[in-house]
Amino acid sequence: MAITPILTINQLDQGVRLTQMNVRVIHKWTRPDIKDKTKTDAIELLLVDTENNIVQATIRRQLISFFASKMVVGKTYNIRNLTVGNNTGLDRATPNPCRIRFEFSSKVQETSDTSIPVHGYWFAKFEDIINGIIPTTHYIVELPVMIFEQPNPNQSKIIMMQCVETKKFEGQWRIQTTYNASAFQINPDIPEAGFYYTHAKIVDLDCTAGWYYDSCKLCWAKITKNDKGRWKCTRDGCDGNSSGLATRVPRFQVKFLVSDLMDDEAEFVIFDSQITQFIKHTAAELLAKLEKDGDQDSIPRELEAFIDKWSFVFKIEIHNKYNVCNRSHSYTVLLVRVGRTPSKK
């Protein structure tokens, strides 16, 4: 007896029957009848597989009583005998060209597959929305939004909107909710809620607090001098802390002023490894050079070369205490990649 292969979402092909697939339900909503909004025309689902790919699935009106209650958000299933068609229409909720549809012969079996992502989110970017890059033919599946302007800063929230759509109104692109499909999560417990990518250009340096920090050679944590003038690591558990004999290594800690495509500005703090990948010198080497020239209080020219020369894609971390509650606009950079080639300036 032949073994039926388990397909992934990327292996789906329009016009064929889906033999079987392992998925998790990550979103579910009702699609009302066009002529009578009080009646349900179909149940729509978003499913994610082990490879974190997403597909929309439709349970039409005649099959709701058979399958709607069996497909629960958050649970995993092995599904069989579904048809694969084109993903078209105003209710299109993913950019996937395929959509799967339940049939009378379809089979659903609940599983406990921990290899399937719990959320399976993919996120839209604000610059893509305001520049009209997001297609109006389908919903934005996820969009994280941070709200700062509240009477009590401790009540500031990160809101994730699901299945919203883009509309152009009075010359500007906006987002709006959709009938039944849109959902909101406040301070979602997912890693992505604390990390964002932005495309920006470095416009200035702020070295009032210096451009490097004295670090422990063993663990890279900050070191300070004790009463005897010896370097001591500030991290508990490090040998440089318990012995009070840490070895000093200067490392980059540079505060840059950046400006994005909308000319909004913020302060990004970039640390050692993300800077050395571009200038090919360590902070210790640049400091030694300045000390040799008797100019140790100056800013290295290699750092000033970043200003107005490149644009970068920054991955930044949002700290709940500092950035959300205290509304600080100074962010820690976790990853830097060149966004475009150097300008002629």
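User: Hi! Which residues are linked in a network of salt bridges here?

Analyst: The network links Arg31, Asp33, Asp41, Glu44, Arg61 and Arg99. A salt bridge is counted when a side-chain nitrogen of Lys or Arg is within 4 Å of a carboxyl oxygen of Asp or Glu. Keep in mind that this is a predicted model: local features need pLDDT of at least 70, side-chain atom pairs count only at pLDDT 80 or more, and totals for chains, interfaces and linings use all residues. Residues are numbered from 1 along each chain as its sequence is written, and side-chain values use heavy atoms, with hydrogens and water left out.

User: Got it. What does glutamate 44 do with arginine 31?

Analyst: Their side chains meet in a salt bridge, 2.9 Å from N to O. Glutamate 44 sits in strand β2 (residues 40-48) and arginine 31 in strand β1 (residues 17-32), so the pair ties together parts that are 13 residues apart in sequence. Helices (H or I, at least four residues) and strands (E, at least two) are DSSP runs, numbered from the N terminus.

User: Is glutamate 44 buried or exposed?

Analyst: Glutamate 44 is buried, with a relative accessible area of 0%. The cut-offs are under 20% relative accessible area for buried, over 50% for exposed, and partly exposed in between (1.4 Å probe, protein chains only).

User: How many salt bridges are there in the whole structure?

Analyst: The search finds nine. Arginine 248 is partly exposed, with a relative accessible area of 34%. There is also a salt bridge between glutamate 267 and lysine 255, where the closest N and O atoms are 3.7 Å apart. Here strand β16 holds glutamate 267 and strand β15 holds lysine 255, so the link spans twelve residues of sequence.

User: You mentioned β12. How many bridges join β12 to β15?

Analyst: Five, and the two strands run antiparallel. Strands count as paired if DSSP finds at least two bridges between them. Tyrosine 213 stands opposite arginine 251 in β15. Four of the five residues of β12 (residues 212-216) are buried, so the strand is largely enclosed by the rest of the structure.

User: And where does alanine 221 lie?

Analyst: Alanine 221 is in the loop between β12 and β13 (223-225). It is buried, at 9% relative accessible area. Leaving aside neighbours within four places in sequence, alanine 221 is in contact (heavy atoms within 4.5 Å) with Tyr213, Asp214, Ser215, Cys216, Cys233, Thr234 and Arg235. Threonine 234 is 13 residues away in sequence from alanine 221, and their C-alpha atoms are 6.6 Å apart.

User: Changing topic: how many residues has the largest nonpolar core?

Analyst: It has 26 residues, and those with the most contacts inside it are Trp211, Phe252, Phe256, Ile275, Leu303 and Phe314. Elements giving two or more residues to this core include β11 (195-206), β15 (248-260), α4 (272-279) and β18 (330-338). Another core lies apart from it, with 23 residues, among them Val23, Val55, Leu63 and Ile79. A nonpolar core is a set of buried Ala, Val, Leu, Ile, Met, Phe, Trp, Tyr and Cys residues joined through side-chain atoms within 4.5 Å.

User: What does isoleucine 275 touch?

Analyst: Not counting residues up to four places away in sequence, isoleucine 275 touches Phe252, Val254, Phe256, Ile270, Leu303 and Phe306.

User: Which residues are buried in α4?

Analyst: Asp272, Gln274, Ile275 and Ile279 are buried there. What covers them includes β15, β16, α5, α6 (301-304) and β18. Just after α4, lysine 280 takes a positive phi of about 60 degrees.

User: Last one: how many helices and strands are in the chain?

Analyst: Seven helices and 18 strands. Of the 345 residues of the chain, 42% count as buried. Among contacts between residues at least 6 apart in sequence, 60% join residues at least 24 apart.
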